[in-house]
Amino acid sequence: MTLVDHHVADLPGMTLHTIETTKYKTTSLILQIKSPIAEEEVTKRALLPYVLQSGTERYSSSKELRGALDGLYGATLGVDLSKKGEYQIITLRMDVANEKFLSDNTPLLDRAFELLSQVFLKPAKENEAFLPRIVQKEKRSLKQQIESIYDDKMRYANKRLIEEMFEEEPYRFNVYGNEQEVDQITPETLYDYYQKVIKEDEIHLYAVGDVSKDALQELAKKHFVFPADRMEPKRTSSAGKQRVDEVKEVFEEQEVQQGKLHMGYRTYITYSDPEYLALQVFNGVFGGFSHSKLFMNVREKESLAYYAASRFESHKGIIFVMSGIETNNYEKTVKIINEQLEEIRNGNITDGELEQTKAMIRNQILETVDDSTGLVEVLYHEVVSRHKRTIEEWLEGIQNVTKEQIRDVSKKIQLDTIYFLKGRGE
């Protein structure tokens with residue numbers, strides 16, 4: 001049985017993905033707007049979605065736009081930013097009730113398509129510039145968003161590790177941009193950049209709900225009309241340096257109660273590679289779950305860390321290890337973390353660890369695709385990686401991963417950078 005009924009159609013200016021399902025009483029429209037990370041654009045791009053959701057030509061304020069959404073039986077609009085590999089991605093999302101469940105004949109989906117297209121293609125502007133009051137307000141919010149990273153020491157340590165580890169790669173830039181550059185953005189420069197996005201970005205629209213693909217295609221063609229001079233979207237490679245000659249250690253001091261130890265490993269494996277599924281199981285055994293080697297040995301057995309976990313970036317091929325420790329436990333913790341990698345390299349994985357990890361990953365995938373946002377997130381991996389893998393193939397592939405494959409993958413993994421945020425004077 002096919003878990004997801006996923007159809008793809010190339011339309012002028014964008015690609016439409018339709019997922020027909022009776023699972024939800026709402027229809028989700030999710031625009032994914034992708035472009036390679038560029039130093040001179042990263043902060044403008046971070047600001048743009050928040051300006052777009054603040055007003056359109058017809059509804060020139062957040063209040064008016066909220067009123068229009070309320071008029072669509074309480075439809076919701078949200079925006080998001082993410083970084084996948086060397087791409088910075090803007091997401092615009094609208095959820096609207098399925099008109100099949102309404103007592104009247106309101107063409108709700110047609111109006112939702114129209115409103116989402118206006119948010120993206122007809123933003124509030126004057127004289128070829130965004131409205132100054134909207135830009136000013138969103139600039140303040142963006143600066144607060146960037147500043148909040150400093151207050152969350154776990155996020156801050158992760159940001160600093162990435163800056164140090166990828167100092168010569170675009171991946172080093174934070175998805176929210178640079179605080180020092182926010183003030184330099186004007187309504188005119190941001191609008192100029194927006195026009196570049198409309199012409200050059202790779203755009204995918206996902207429509208999830210109990211609606212036929214033919215009806216969705218007609219609505220997409222009707223409302224999403226792009227400039228005739230749209231260009232071929234740019235692509236980029238996620239390949240970084242090909243080997244680690246020396247592990248980089250970075251120490252920083254702040255007034256913190258608990259040290260933050262973050263370590264970055266290069267795996268040289270991404271979503272499109274055959275070994276990707278073995279890497280996913282490796283990460284689960286290594287530090288992805290509460291039964292993993294990091295959790296059991298660093299936190300439970302040695303009581304060295306308040307938390308110890310690992311996660312991996314599918315499109316950059318990086319594993320991050322995060323732990324919170326006392327400063328004087330730094331060397332011992334690094335040693336034990338590295339020993340867990342060696343254990344896996346030596347094939348020391350129990351049947352219990354392997355089966356529990358596979359079961360957890362399977363549940364994780366099924367839970368993710370049970371929600372329309374998670375489902376689109378999973379399907380969008382194919383766009384970023386240019387590699388198709390169905391949910392069924394993913395689940396089956398995880399089940400078939402062997403200890404030998406995990407061991408082989410572990411031998412490719414190299415520690416690149418260690419970042420440690422410690423208390424002052426410790």
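Which element gives the largest share of the lining of the largest pocket? In this predicted model, that share is five residues and comes from α9. The pocket holds about 1,000 Å³ of space. Its lining is made up of 35 residues, and those nearest the centre of the pocket are Lys 83, Arg 311, Phe 312, Glu 313 and Ser 314. Two or more lining residues come from each of β4 (76-84), α5 (153-165), α9, β9, α12 (351-369) and α13 (372-385). By class, the lining of the largest pocket divides into 14 nonpolar, 13 polar and eight charged residues.

Strand β4 also belongs to an open sheet of six strands, arranged in the order β1-β2-β6-β3-β5-β4 with mixed pairing. The edges of this sheet are formed by β1 (6-11) and β4; each has a single partner strand, so one side of each is left without a neighbour in the sheet. The pairing of β4 with strand β5 (residues 87-97) is antiparallel and extends over nine bridges. Lys 83, one of the residues nearest the centre of the largest pocket, has Gln 88 in β5 as its bridge partner. Helix α3 (residues 108-121) packs on this sheet, where it touches β3 (26-36), β4, β5 and β6 (202-209). The direction of α3 makes about 150 degrees with that of β5.

A further open sheet consists of five strands in the order β7-β11-β8-β10-β9, and its pairing is mixed. Here β7 (248-254) and β9 (305-313) stand at the edges with a single partner strand each, so one side of each lacks a neighbour in the sheet. Within it, strand β8 (residues 259-266) pairs with strand β10 (residues 318-325) in the antiparallel sense over eight bridges. Gly 259 is placed opposite Ile 325 in β10.

Two helices are considered in relation to this sheet. Helix α9 packs on the sheet and touches β8, β9 and β10, with a direction at about 175 degrees to that of β9. Helix α11 (residues 330-345) lies across β7, β8, β10 and β11 (414-423) and runs at about 30 degrees to β8.

Helix α9 (residues 276-288) also meets helix α15 (residues 403-410); their axes come within 9 Å and cross at roughly 90 degrees. The two helices α9 and α15 are therefore roughly perpendicular to each other. On the α9 side the contact involves Ala 278, Leu 279, Val 281 and Phe 282, and on the α15 side Gln 405, Ile 406, Val 409 and Ser 410. Of the residues in this contact, six are nonpolar, two are polar and none is charged.

Rolling a probe the size of a water molecule over the atoms shows where empty space is left. Across the whole structure, one cavity of 30 Å³ or more is found. The largest cavity contains about 30 Å³ of space. It is lined by Val 51, Gly 55, Pro 123, Ala 124, Phe 130, Leu 131 and Ile 134. Six residues of the lining of the largest cavity are nonpolar, one is polar and none is charged.

Notes:
Residues are numbered from 1 along each chain as its sequence is written. This is a predicted model: local features need pLDDT of at least 70, side-chain atom pairs count only at pLDDT 80 or more; totals for chains, interfaces and linings use all residues. Side-chain values use heavy atoms; hydrogens and water are left out. Axes are lines fitted to C-alpha atoms, for helices over the stretch in contact, and angles run from 0 to 180 degrees between N-to-C directions. Helices (H or I, at least four residues) and strands (E, at least two) are DSSP runs, numbered from the N terminus. Angles under 35 degrees count as roughly parallel, over 145 as roughly antiparallel, 65 to 115 as roughly perpendicular and the rest as oblique. Contact means heavy atoms within 4.5 Å. Ala, Val, Leu, Ile, Met, Phe, Trp, Tyr, Cys and Pro count as nonpolar, Asp, Glu, Lys and Arg as charged, and the others, Gly among them, as polar. On a 1 Å grid over the protein atoms alone, a cavity is a set of points where a 1.4 Å probe fits but cannot get out, and a pocket is an open set with protein on both sides within 12 Å along at least five of seven lines; lining residues have an atom within 4 Å of a point. Grid points are joined across faces, edges and corners, and a volume is the space filled by probe spheres set on the points. Two strands pair if DSSP finds at least two bridges between them.
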